[in-house]
Amino acid sequence: MTAVLEVPAARTGHDTVPLPRLLAAELRWIFRRPRTLAVLGLLALIPIVIGIGLTLVSGQPDAGGPNPDGALLASAVNNAFVLPIAAIVMSLALLLPLASAMAGADAIAGETAHGTLRGWLIAPVGRGRLLAVKAFGVATVSVVSVLAMCVTGVVTGLIINGTDSLFTLSGTTLSVGGALARILLVAGWVVLQLWAVGAVALAISSWTEHPMLVVASVLAADIVFTILGFLTSLDWLHPFLLTQNWSLAPAEVLQDPMGGQLLGEGALRAACYIVIGLSLAYARLSTRDG
């Protein structure tokens, strides 16, 4: 049963269904999907696997030259502060965007494929409110995904390394509260990037009834953007690529004093993608009748 069946049958006007009821129904539908729970479980396991793996390696892992992921892994050894951030940054390359893309694909294209979106379109729910409910669901999946990794990453790091291992790459030691604040800052920044991915997924999802096409399109764009980011001949294009500095910006939090230029640029870029993606989705939803 889908959330759309919980919408009242009355059709006396638009936006007569209480918004909290719509949001609650959407969340129940999202978190009853086995694939959503499977992805969240996989993401929660990643910091645990990385933490255990780092304790089994002999010496420092190879930083891999200029590879920022390799450098983060090397810094995460015996460091409970870096471990959750390293796990999140590594997952940002593919798995975290996959979670947001799947949520965006199921939100509109998935319901179109199952014939349930038509119930939303003919119910007393305005198109703007419909998009807001779907965007809220996608945003919630992104938040839960990142928070799950944060919790397991922090707990794993503290269990393996203890509270005395909370230090920055500059060598300064952080309090538990200070470390958690910085980890949450990275988590918030990553969530914003995932909201941008979700907005793009919603835009594509509103134009098709094939969820897998949405997921494939978003992940293909992720890969293409990453490749374009490596081409120095296209420096003029880099500021417009959503994935630009995904691996480098969170590292600013690991320094003392903490930087903020790359984080700010990434946040602004993500906000632009969110506005554009949701605008395109709304433009499509406002012209379709089923």
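**A walk through an all-helix model**

Let's start with an opening: the second largest pocket has a volume of about 160 Å³. A pocket here is an open set of points on a 1 Å grid over the protein atoms alone, with protein on both sides within 12 Å along at least five of seven lines, and lining residues have an atom within 4 Å of a point. As for volume, grid points are joined across faces, edges and corners, and the figure is the space filled by probe spheres set on the points. Two helices, H8 (176–205) and H9 (211–230), each give two or more residues to the lining of this pocket. H9 has the largest share, with five residues. In total 14 residues line the pocket, and Val218, Ala221, Asp222, Phe225 and Leu242 lie nearest its centre. By class, that lining has eleven nonpolar, two polar and one charged residues; Ala, Val, Leu, Ile, Met, Phe, Trp, Tyr, Cys and Pro count as nonpolar, Asp, Glu, Lys and Arg as charged, and the others, Gly among them, as polar.

A word on the ground rules. This is a predicted model, where local features need pLDDT of at least 70 and side-chain atom pairs count only at pLDDT 80 or more, while totals for chains, interfaces and linings use all residues. Residues are numbered from 1 along each chain as its sequence is written, and side-chain values use heavy atoms, with hydrogens and water left out.

Now step back to the whole fold. The protein has ten helices and zero strands, with helices (H or I, at least four residues) and strands (E, at least two) taken as DSSP runs numbered from the N terminus. Of its 290 residues, 46% count as buried, meaning under 20% relative accessible area, with exposed over 50% and partly exposed in between (1.4 Å probe, protein chains only). Take the contacts (heavy atoms within 4.5 Å) between residues at least 6 apart in sequence: 76% of them join residues at least 24 apart.

Where do you find helices tucked away inside? H4 (residues 82–91) is largely enclosed by the rest of the structure, because nine of its ten residues are buried. Among them are Val82, Leu83, Pro84, Ile85 and Ala86. H5 is mostly covered too, with 16 of its 19 residues buried. Helix H5 (residues 95–113) also bends by about 45° at Asp106, the bend being the angle between axes fitted to the seven residues ending there and the seven starting there.

Asp106 turns up again in the lining of the largest cavity, along with Arg33, Arg35, Thr36, Val39, Leu40, Ala99, Met102, Ala103 and Val141. A cavity is a set of grid points where a 1.4 Å probe fits but cannot get out, and the structure holds two of 30 Å³ or more. Helix H2 (34–56) and H5 each supply at least two residues of its lining, which splits into six nonpolar, one polar and three charged residues.

The second largest cavity has a volume of about 40 Å³. Helix H7 (127–161) and H8 are the elements giving two or more residues to its lining, and H8 gives the most, with four. Ala80, Phe81, Val154, Leu158, Leu166, Val176, Ala179, Leu180 and Ile183 line this cavity. By class, those residues divide into nine nonpolar, no polar and no charged.
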